[in-house]
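I opened a new model today and kept notes on what I looked up.

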Amino acid sequence: MRRKWKISALLCAVLLLGAWLWLRMWQEGRQPVTVQDITVVVDGGSGSKHLRLWHNYYNNTEYLFLPAFCKAELPVRITLRRRGSVAWDGHASGGQGYLYDLTEGRHSLQAGGSEFTVEVMRSASVPALFIYTASGSLTHIEEEKGNGESALYEMVDADGQVIAAGQIRKLKSRGNSTFLEDKKPYQMSLEEGADLLGSGVQDKYILLANRQDQSLLRDRIMYDLAADMGLAYSAVSRFVDLYINEEYRGSYQLSEKVETGYGRMPLATETGRTRTAFLVTLEYPNDDRLAEADHYFTTENGQNVIIKRPKQPGDAQKAYIADTFQAAEAAIRAGRVEESNIDMTSFARKYLVEEIGKNLDAMYTSQYFYQDEPEKDGKLYAGPVWDYDKTLGNPLIEHTRPVDFQEPRGIYAAMKQENASWWYDLYQLPAFRQKVTEEYRESAVPAIEAMVNGKIDGYRNEIWESAHMDYMRWDTFEDFKYGEELEFEKEYQSEIDRIKEFLSLRRRFLDDIWLEGRKYDRISLDPGEGSIYVAYVDAIEGRTLNEPRDPKREGYRFDHWVREDTGEVYDFTECYDGIPFVLKAVYRPDGEDE
């Protein structure tokens, strides 16, 4: 009797459990499927990759960003976190949710009673980098610059072959002003070194977001330009589509880090010797970044210098580095470049990179210098190059600055600047200008020609589809934000054309003053009772002046410019004769007829 009771009780429990499971499934089936319930599975690399849809709140559309290895003829699979049927464009998917011949463009997805509009986009030519953080989130990493955690990674080329895979000891956020952007840059420190760029095994890589450069190309162009000019240790980089924790994060530039040892700069900076090899970088005066630096010094001219390597210099090492750098600065400022113990070739090439790009940060920040052990060489070298998103006429540079960075003319890196006068002081020396002219003719001109006549278009073709996905993911030109028509091809191509035009005109200007010997002046602008940000116009003998931006005056509108010495209306179609003058602004009261 007791045995029958136990069997009945067990049967009752089973029935109750079955009823509870059925009720739960029924309740789940009644709940609408959300975009978080949907996963797209693609095959490539070492196995299946899971991708999540990204929701665009502006147009209420889900985006599926496919890596390059996911070819149109390969099937993808849609899975749901809860039970439910899947239909694509009104047609039920095959067994296990497989979709075949997935085309790019707009589609409808019916999943578990819910319906979604899905825009499918596909990359074409660049590798995909998949990262999976230990926490499954980026919250901690992006909460504060320098935060990091361990992760796994796999890099897959456009044909679906694994380039490298392994563990990341630390994935951390990085950058200065770029860290404040929504699309953030990162640094990967690998547990075991790998060759991700075809440049040799390394254990640290940078993922540049290029958020402050709508072309995504300026850093790549300037790094490769420096390398083509022969500047040592210029960073090798390539474009990748980045996926973190199954979410598409955008088009990134995977780059070598400015670093010593392990496949990078072969400097013995950790020996403990007083007279050590070292790597330093310059920083802005009174910048918050100095507070983050463990070791830095300030020269007599007020130049802040951060010691990057040795990482933990002793007092004697720090004093040696500061004395070496200070001695070079003093010799240059005194006009005795032969006593500065600098490598003239590297300094001339580094200066040319800054000047050709008209780099906003020239001689202020992200400017590296190094010295090998004194017993080996002892010379101070300029380089490697780093951080050039604010170059080549970037239109995002504010127009409220005292220099027009969208103007291809003008000497900028060698302008006299407070607390940052190395390039200015060097440029005053005939020996340095002669070396600059030689390097410009022999190494820079061929490098610029190669860039303008093919290499930039090559980068464009390589990144086009990836840039298109990034354009959508991050609303690069803010079309979504302002409800404007999306015109990727027109807007992105205009950025490429802007760079090529700037570089071509920049070369023409530098040819004029360095190869043809034309006189270069700055024509002062007098806004009178008005105001103007850039108070001069660059003038080259035998060339016309570019008309400056209009000055502003409350209650008036700008009318024209006159020569202050003659009072005549200035004709901007006339060529400059090499004799400086001042241009004075003339206004009309608001409302007055012309």
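**Entry 1, ground rules.** I am working with a predicted model, in which local features need pLDDT of at least 70, side-chain atom pairs count only at pLDDT 80 or more, and totals for chains, interfaces and linings use all residues. Residues are numbered from 1 along each chain as its sequence is written, and side-chain values use heavy atoms, with hydrogens and water left out.

The C-alpha trace spans about 115 × 75 × 40 Å along its principal axes. Of the 594 residues, 54% are buried, meaning under 20% relative accessible area with a 1.4 Å probe and protein chains only. I then looked at contacts (heavy atoms within 4.5 Å). Among those between residues at least 6 apart in sequence, 65% join residues at least 24 apart.

I looked up how α6 (residues 344-357) meets α8 (residues 430-474): the angle is about 60 degrees and the axes are 9 Å apart. Axes here are lines fitted to C-alpha atoms over the stretch in contact, and angles run from 0 to 180 degrees between N-to-C directions. That angle makes α6 oblique to α8; angles under 35 degrees count as roughly parallel, over 145 as roughly antiparallel, 65 to 115 as roughly perpendicular, and the rest as oblique. On the α6 side, the contact includes Met344, Phe347 and Tyr351, and on the α8 side it includes Phe432, Tyr440 and Ile448. I noted twelve nonpolar, two polar and three charged residues in this contact.

The axes of α6 and α9 come within 9 Å and cross at roughly 125 degrees. The two helices are therefore oblique to each other. Tyr351, Leu352, Glu355, Ile356 and Gly357 of α6 make the contact with Phe502, Leu503, Arg506, Leu510 and Trp514 of α9. Tyr351, Leu352 and Ile356 of α6 are also listed in the contact with α8.

Is Glu495 buried or exposed? Glu495 is in α9 (residues 488-515), and it counts as buried because its relative accessibility is 1%. Leaving out residues up to four places away in sequence, I found Glu495 touching Gln214, Ser215, Arg218, Pro395 and Phe477.

Key:
Helix = DSSP H or I, 4+ residues; strand = E, 2+ residues; numbered from the N terminus. Nonpolar A, V, L, I, M, F, W, Y, C, P; charged D, E, K, R; others polar. Buried < 20%, exposed > 50% of the residue type's maximum accessible area, 1.4 Å probe, protein only.
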